[in-house]
Amino acid sequence: MKTFLKAATLALTLGASSLAMAEPVKIGLITTLSGGGAGLGVDTRDGFMLAIKQSGNKDITVVTEDDAQKPELAVQIADKMIQSDKVDILTGIVWSNLLMAVVPGAVAQGKIYVSTNAAPAALAGEKCDPLYFNAAYQNDNLHEAMGEYASKVYKKTFIMAPNYPAGKDSLTGFKRYYKGELASEVYTKVGQTDYAAEIAQIRASGADAAFVFLPGGMGIAFMKQYAQSGVKIPVIGPGFSFSQDVLPAIGDAALGAKASGQWAKDLDNAANKKFVPAFQAEYGRLPSIYAVQAYDAAQLILSAASKASVKDVKAFTAELNKADIQSPRGKFKFNTNRHPIQDIYLTEVVKENGTLTNKIVETIFTDHGDAYAKDCKK
Amino acid sequence: MTLALVIEQVLNGVQLGVMLFLMAAGLTLIFGVMGLINLAHGSLYMVGAFACASVAALTGSFWLGLVASLAAAAAAGALIEITVIRRLYQRDHLDQVLATFALILIFSEGTRWLFGSFPLYLDIPPLLQGAVGLPGGAQYPLYRLAIILAGALVAFGLYALISRTRLGMRIRAGESDREMIAALGVDIRTLYTLVFALGAALAGLAGAMVGALQSVQVGMGEPVLILAFVVIVIGGIGSIKGALIGALLVGSVDTLGRFLLPQLLALVVPPDQAGLIGGALASMLIYILMAIILAVKPRGLFPAQA
């Protein structure tokens, strides 16, 4: 289950000659590689490792372990990585409930955590931490964007999310920007696979749109069942509901669905034009948003490692905070709470050469931060 | 709340119940006849779904996939019965649980090794696409109606098999006294393998039919397995009739609970809170139901004879 990526001897033999600043950095990558959420974790790992590989940096060691989407397991792995593997930085957790279990303990022990996805509200505001960085977004962001979009287009919306921290953040974010009427607000079980009861409620609600946040396998099941139900109300959602990891399994049922994302594969910038083909060449599939976020997290760590020693946590985090990277998302910088400030786009699911993917329709938010940054005083 | 919505939700409950019945029937049959707790039953469900998805992708036909799912699950069932399960009949339940739990891990990792971590695509056959109108203005997906029908056919078939055929007679005999039936010259080993393969095939069928509705992925069997255990505990372990009634009960209570509880709560608390609390309560509802039934009838609704 472990992948050690190391060729440190080479760097040692080269000695002090070239990489004078370089200090070995050990990164613990905890992510979901088994179970229903494994697709997200695999993309996270692959995106992260792509950046490490491209850098050619031999001083970076990455230890990868599978959390099986279980909070208690994630905590055990983090403890083991900190105590026996002696990692300097932790990263990779996909799910907010797992992140909440790991991050407070890790930063209390002086370890840096760079999140590749999960971004619960609880760690973005008052309880933010100088050692906790988020390379993805704040959980509410993509949902806020859909709220903003829905306000312009729809009058009465049915909203639904799973009952866990990111699900609550999702609907809170949507409601923060949505001005129309809510038909109903439904929380489903995490990992639920049958949505017949909820689809019947959508049908009966009289809404003119259904906003649905169901990441991974949950979204696949919902979209397939929705397509069969004969309900004609359009489904909108954050990018996760229609991201590249789930689109092939949903099939044509997803065509035309509108979603929000801080990245799409057709985004026009040099870094993205380099990233997408590189990912495809390496892994033989299109990258998802999770891969991009992890790629950027790795780039951030690489950039900081090239300028400061990871043993000097203060200097290292200061370098991280500068976000001196070329992100496939284009513009990227950190807010005062070390969560991104970035553009958020409206995307639509289309078919290109027989492959389902997302394309950008318009920009919803420019330089969007989050609602919790003002409460972060650390 | 309209009549159409109520009709749709009741059908949803029945459909979930029928699907659970397919899982629970095999589980309860295996427990009833062989006294074995088979945690790997969910893995056989997954095997059925993966077999259906890969054969459907290869040949383009869902129906061939369905046949493949029955064959693959039955074969996997027979294989593990002969290699592993056979050694467990004389052991106590803890050994059985440990060994079949190990089988879950082996099946999951084996499937991941073969098919990868990303969910597979399996679509509903063209014949059963779309929704049909029902009396009362309700619309209902044709495929879910087909699942209800298939489940009803299986229930009837099982009833006929067990009460009308020689094999069924032996199964019943094996349930009530396995030493005696062996002494009468029935090949009990083959009978056990057959029953196990039959149970596995039913799980595989359920997996394939549900796979087209949900996502075909590693680990898809375990949540269903837990529900199937609730069903057989409610229905009375070892009883097919109990499994049918229990499955319909669990399906209906779960579906209607998810739909009605938040609405009832919305009368007393703000709607967003009602959604949260109602959703959490609804997911507990079937376990509460199980606790109540066990308090009144500790051996389930239709206990098989001891």
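Residues are numbered from 1 along each chain as its sequence is written, while chains are lettered from A and ligands numbered from 1 in the order in which they are written. Because this is a predicted model, local features need pLDDT of at least 70 and side-chain atom pairs count only at pLDDT 80 or more, whereas totals for chains, interfaces and linings use all residues.

**View 1. The fold of chain B.** Here you can follow 11 helices and two strands in chain B (helices are DSSP runs of H or I with at least four residues, strands are runs of E with at least two, and both are numbered from the N terminus). Their order along the sequence is α-α-α-α-β-β-α-α-α-α-α-α-α. The C-alpha trace of chain B spans about 65 × 50 × 35 Å along its principal axes.

**View 2. The inside of chain B.** Of the 306 residues of chain B, 52% are buried, meaning that 20 or more other C-beta atoms, placed from the backbone, lie within 10 Å of the residue's own. Now look at contacts (C-beta atoms, placed from the backbone, within 7 Å): among those in chain B between residues at least 6 apart in sequence, 76% join residues at least 24 apart.

**View 3. Where chain A meets chain B.** In this view, 33 residues of chain A are in contact with 41 residues of chain B. On the chain A side, helix 8 gives the most, with seven residues. The residues on that side divide into 13 nonpolar, 15 polar and five charged (Ala, Val, Leu, Ile, Met, Phe, Trp, Tyr, Cys and Pro count as nonpolar, Asp, Glu, Lys and Arg as charged, and the others, Gly among them, as polar).

**View 4. Strand 4 of chain A and its neighbours.** A:Ile112 and A:Val114 point one way from strand 4 (residues 112-115) of chain A, A:Tyr113 and A:Ser115 point the other way, and all are buried. Strand 3 (residues 89-91) of chain A runs parallel to strand 4 of chain A, joined by three bridges, with A:Thr91 and A:Val114 as bridge partners. Strand 5 (residues 132-134) of chain A also pairs with strand 4 of chain A in the parallel sense over three bridges (pairing needs at least two DSSP bridges), and here A:Ser115 has A:Asn134 as its bridge partner.

Definitions and conventions
Buried ≥ 20, exposed ≤ 12 C-beta atoms within 10 Å, placed from the backbone. Contact = placed C-beta atoms within 7 Å.
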